[in-house]
Structure formats: structure tokens, C-alpha cells
Amino acid sequence: MLARQEYREAHGLCMKALQADPAEPRAFYLLGILTADHSNHSKAIELFDRALAVGTPRSDILAQKARCQIALLQREEAVQSAEAAAKLEPDDAFTLDTLGVVFSRAGLHARSLGFYQRATDAASDVAAYHYNHGAALQFAGRMDEARDAYRTCLALDPSDTRARAAIVQITKQTESQNEIAQLEQVFPSIADDADDALRIGHALAKAHEDLNRPADAMHWLARAKAVKWAGLHHDEAFDAAVFEAAKRAADEPGAGGFSDAAPIFIVGMPRTGTTLVDRILSSHSEVTSAGELADFGLALKQLSGTQSNYVLDAETLNAAARVDATTVGQTYMARVKATLGLSGRFIDKLPLNAIYAPIILSALPNARIICLRRHPADTVLSNYRQLFATRYPYYDYALNLEATANYYVGFDRMIRHFSDTLPADRFTQVHYENVVANIEGEARRLLDFCGLAFEPQCIEFHRNAAPVATASSAQVREPLYTRALARWKRYEAYLGAALDILEAADCIQASERAAP
């Protein structure tokens, strides 16, 4: 009944079972899954704990508890529960796949692969397991295997829009071999579902872009985003308040901080080259990439005690001044070490950590922050082109072109203020265009900024075999290319309103635009 989402009936049977035997762990376990399906993860964890308390340890219960913990961004606890489940050597596909999901979301992508493989071996007829395996293979750079996994998923479930879109995203589309006809056939049947429309519409836009058809690409992006945007209540005042709070934090530098650690934060707006710089620096023998970590924001949220529903908001940023900076730094490092085992030089590449920059440097005075910049119009276009995870409201702006341009203006003003106020030996900017034009020179500059000696492998970043769980997972495995430079010029005819916003804010000059 749970599998068929017949929740009322399933709940009734579980309650009957508990009336007959109040110590029946399976009933608590199923009630936990039911509760998690309704996104009440805290209550689900309580039910899983009751199941564990009245019976012997079970891997399936521990795995589902871990999944709820990772949904609540309790990464350390989630990994502990998942490892406890793994020690019990589960062999059922549902539990194995769940463990793969938990390790993936915790940033332990290499650890997840074995669980996904075993899940697909144990239940080869379940499409979703093949999709999850494909995503993990993609992160690991095993693109041919990822495509095979996605195609197996589609063969089992032709309605899975995730797999259909993923194949296009990692496969160059050509005039003779492309998925456009199939995608256009699918779109009308899913057009009213916001998330499905986003996936298929974005895939169509990518296919047309590969074929150098900017008008068609922009047409499909607009159609893809329309339903989702219409259902949102995006508040630009919320973003503006965040930027202003961050600027105030830069004007009031804290004292103290946890000086025993020197992490490297690579930040900036998404799709500006953060993954490229991460791969350059993490190719160094003394540096490890930890991926995109939410730990700093979570540590600040926890210690500030703010009651808002957001981790990143003006209220929490303003409260940072009342929190002991050393404790914030120690808490962040403890979280990273507990789940990833990292204590040396490592990179935290969460783009929106840019907003925390003044607070990071107060909490971790030996940290280094590298902020990526890219041409304003290219930044706006690349964010608009990107399909972000819909469960993160901080990227909602990218569903609308003008909203993306307005977000860029606020972000730009904030970073300019940081550049004027934060210490230059701990906060620096790097332009994507400069990295592409002079990779060795920029690599040497950034390594020197981080106190690291130059190593030749840093400019051969595409040979770096570490997993990449970002939208750039395919691109950064290629040698450096120039095709993304000034991409906005090919789309200029369709960016008018956004370019007007950037020009009015002095982010671009009128002379950069084509004559009308």
C-alpha cells in the first residue's frame, strides 16, 4: 500500500498492528516511511528510533533514518546511521539504493557507487535504481556507463524525464544524431507538470544550443520555466535584504576566530567557473576538494538560534555579530572532519558561500576566499540556462530572465563592497575570462594567494579523476576550451530586458551592445 501511495489504508493497518503488539518494529518502520513521504523528516526519525528501540538493529531502518537526516542537512548523523546500516550487510535493493542516496548527498560519491551497483544487481527491473546509479557514474566521470544506466532506466520507464534529460545533458547533439524529435513528442504530455517541463524544456534548449540555434534554445527555456515561475512568489526584496546584511557584516569585522584551519572557499554566482578553479587547485598534491558543503551556513544557523525557516537569510546574517566567531569556525571544521575526514588544505566550493565571506573570515582567519567573476551578461545567461535543484529556493531567480539580471546586480554590489573592505590577502577575485586566456598565470597567482607552490598538474585539471557533482561534471573533464566566452553575444537578440537592467546598473556599457 505504501508503494502505491495508499497512505490512509497503510496507516490504518500499521495502527492495527501496534494495537496487537505495541513493540512491533515493522509497524514503526512503515509509519516512518509514510511520514517521510510527507516530508515530516523529524517525526519520521522519531518513529525509526522507536523501531530500533524495540527490536534488534536493522539495516533498512537505519538507512531510512539516514535518509531523513540527510534531508534535514544533518550530514554527520546521516553518515553515522548509513555506516551502521552498511555494517549489517544489507542485501535488499531498496536499502542498498537508499544508502547510495545518503552517501551521494553527503558528498561521498565514490562510497555510493558500490551500493547503487548492488541495488541494480538485486532489482534490475526498477528504473529509479538505474537512474541513481547513472547519476553517480556521471559524477565519477564514467560517462559511457552513465549513459547506459540512463538508457536502461528509460527502457524500464519511458516516462522518467530525469533520465531522458540527463542523456541529452551529457551527450553532444548533432544534426544527424539528436533527441529533439523525441523530446518534442514528450513535452505536450508533461507540459502542465512544472518539474517535468523544466527537465524536458531544458534538454530541448541544450540540444538546440548544440546545433547553434539560439532562438530555439531561448524559446524552449521560456516554455520550460513558465509553469514553475507562475507557481512561485519570488521576493526580490528578500534577496536585497540578504545582500545588505552581508555588506553590514563586512563593515563590522569580528575578532578572534579559529586559527588552526586554512580551508579554501571558492565562491561566486553559479556557472561562473567555480568548478574549473576548484579542479585547478584540487589538482595540487596538498589540496583536496570537499565539493559543495552547506556546513558553514548550517553551523551559523545552529549557533545563531534564529527561528526563520531559511538557513541563509538576513535575520541569520545579522545575528552572526552576536555569535562567538571561534565557536563558528570550530563547529564548521568539526562537521567537515566528522563526515569527510578532512583537516588539511581542502576546498569548499559552495557558490553562495560568497554571501558569508565576511563571517567566514571572522570565524576562520586563516581561510582564503576566491570569488569567481564572469562577464555580467554571460553570468545572467548561464544562470538562466541552468536547471538548478528545485528544492533550493535560493536559486528561484534563475526561472526568470529579468529576475536573474536583478539578482546579478545585487550580488555584484555586494562583491564590490567586499573587495573594498575585506583583507586582500584573504579575499580575492578571479575572472573566468582571465583563467581561460592565461591558465598558468592565474593558477600561479591563486596558488600563491593560498600559500601553495606551483605544480604543473594544476594546469592539466582535466586529468583530475576526483568526482564532480555539479552541472560542470562533463565539461571539466575536457581540456580548457573557449567556446563559453562571450556566449551572450550569440543570444543578444533575446536578452534585451536583462541587458537593459545590467546597463542601467552600470554593470555593462551601452557600447558593448550591438547597434539597434
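Me: How many cavities of 30 Å³ or more does the structure hold?
Reply: This is a predicted model, where local features need pLDDT of at least 70, side-chain atom pairs count only at pLDDT 80 or more, and totals for chains, interfaces and linings use all residues. Residues are numbered from 1 along each chain as its sequence is written, and side-chain values use heavy atoms, leaving out hydrogens and water. With a cavity taken as a set of points on a 1 Å grid over the protein atoms alone where a 1.4 Å probe fits but cannot get out, the number at 30 Å³ or more is three.

Me: Which helix gives the most to the lining of the second largest cavity?
Reply: This cavity holds about 70 Å³ of space. Among the residues that line it are Phe238, Asp239, Val242, Phe243, Ile355 and Tyr407. With four residues in the lining, the top contributor is helix α14 (residues 236-251).

Me: Where does Lys247 of that helix make its contacts?
Reply: Lys247 lies in α14 and is buried at 17% relative accessible area (buried is under 20%, exposed over 50% and partly exposed in between, with a 1.4 Å probe and protein chains only). Contact means heavy atoms within 4.5 Å. Not counting residues up to four places away in sequence, Lys247 touches Arg413, Met414, His417 and Phe418.

Me: What separates the C-alpha atoms of Ala249 and Ala357?
Reply: Ala249 also has its place in α14, and it counts as buried because its relative accessible area is 16%. Beyond its neighbours within four places in sequence, Ala249 is in contact with Pro358 and Ile359. Ala249 and Ala357 are 108 residues apart along the chain, yet the separation of their C-alpha atoms is 8.9 Å.

Me: Which residues touch the most other members of the largest nonpolar core?
Reply: A nonpolar core joins buried Ala, Val, Leu, Ile, Met, Phe, Trp, Tyr and Cys residues through side-chain atoms within 4.5 Å. Of the 106 residues in the largest one, the two that touch the most other members are Ile355 and Leu364.

Me: How many residues of β4 are buried?
Reply: Strand β4 (residues 368-373) is covered on both faces, with Arg368, Ile370 and Leu372 on one side and Ile369, Cys371 and Arg373 on the other. The buried count is six of six.

Me: Which residue of β5 stands opposite Arg373?
Reply: Strands pair if DSSP finds at least two bridges between them. Strand β1 (residues 264-268) runs parallel to β4 and is joined to it by five bridges, with Gly268 opposite Leu372. Five bridges also join β4 to the parallel strand β5 (residues 427-431), where the residue opposite Arg373 is His431.

Key
1 Å grid on protein atoms, 1.4 Å probe; cavity = no way out; pocket = protein on both sides within 12 Å on 5 of 7 lines; lining within 4 Å. Points joined across faces, edges and corners; volume = space filled by probe spheres on them. Helix = DSSP H or I, 4+ residues; strand = E, 2+ residues; numbered from the N terminus.
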